Amino acid sequence: MEETRTPVPATHAPTSYGHCSWHQGSAEGVRLIDVHEQGSGAGGSLFACPRCMVAYNLTAFADRPL
Ligand SMILES: [Zn+2]
C-alpha cells in the first residue's frame with residue numbers, strides 16, 4: 001500500500017521578516033510585542049520572533065486582551 005505524500009499546506013498566518021529585539025537578530029515571523037515611546041530617535045517598537053516569544057513568555061501586542 002502506497003502512502004500518498006501530501007505537501008505541507010502553506011499556513012495562512014502572515015509571516016513577516018524582521019528584527020527580533022530579544023535575540024538581536026533577524027528572524028522570520030516576528031510579531032509586534034510592545035510599542036515604547038522614546039524621547040528621541042527612531043521608534044521603539046519591539047518585535048520578537050516566535051522562538052523568543054516562547055522562551056520569554058511574550059504575548060503579541062495584537063493578542064493581548066485590552
Ligand atoms: Zn528572537
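Reader: Which side chain meets R31 in a salt bridge?
Author: Happy to start there, with the note that this is a predicted model, where local features need pLDDT of at least 70, side-chain atom pairs count only at pLDDT 80 or more, and totals for chains, interfaces and linings use all residues. Residues are numbered from 1 along each chain as its sequence is written, and side-chain values use heavy atoms, leaving out hydrogens and water. A salt bridge here is a side-chain nitrogen of Lys or Arg within 4 Å of a carboxyl oxygen of Asp or Glu. At 3.5 Å from N to O, the partner of R31 is D63.

Reader: How many residues apart are R31 and D63?
Author: R31 sits in strand 3 (residues 31-36), and D63 in the segment after helix 1 (50-55). Helices (H or I, at least four residues) and strands (E, at least two) are DSSP runs, numbered from the N terminus. The pair thus links distant parts of the chain, 32 residues apart.

Reader: Which protein atoms are the donors of the zinc ion?
Author: Donors are N, O and S atoms within 2.8 Å of the metal (3.2 Å for Na, K and Ca); water is not among the atoms, so sites may look incomplete. Those of the zinc ion lie 1.9 to 2.3 Å from it: C20 (SG), H23 (ND1), C49 (SG) and C52 (SG).

Reader: Why does the pair H23 and C49 tie together parts that are apart in sequence, and how many residues apart are they?
Author: Along the chain, the zinc donors follow the spacing C-x2-H-x25-C-x2-C. H23 belongs to the loop between strand 1 and strand 2, and C49 to the loop between strand 4 (44-48) and helix 1, so the parts they tie together are apart by 26 residues.

Reader: Is C49 buried or exposed?
Author: Buried means under 20% relative accessible area, exposed over 50%, and partly exposed in between (1.4 Å probe, protein chains only). H23 has 37% and is partly exposed. C49 has a relative accessibility of 4%, so C49 counts as buried.

Reader: Which residue stands opposite C20 in strand 2?
Author: Two strands pair if DSSP finds at least two bridges between them. Strand 1 (residues 17-20) and strand 2 (residues 25-28) run antiparallel, joined by 4 bridges. They form a hairpin with 4 residues between them, and Q24 in the turn has a positive phi of about 55°. Opposite C20 stands G25.
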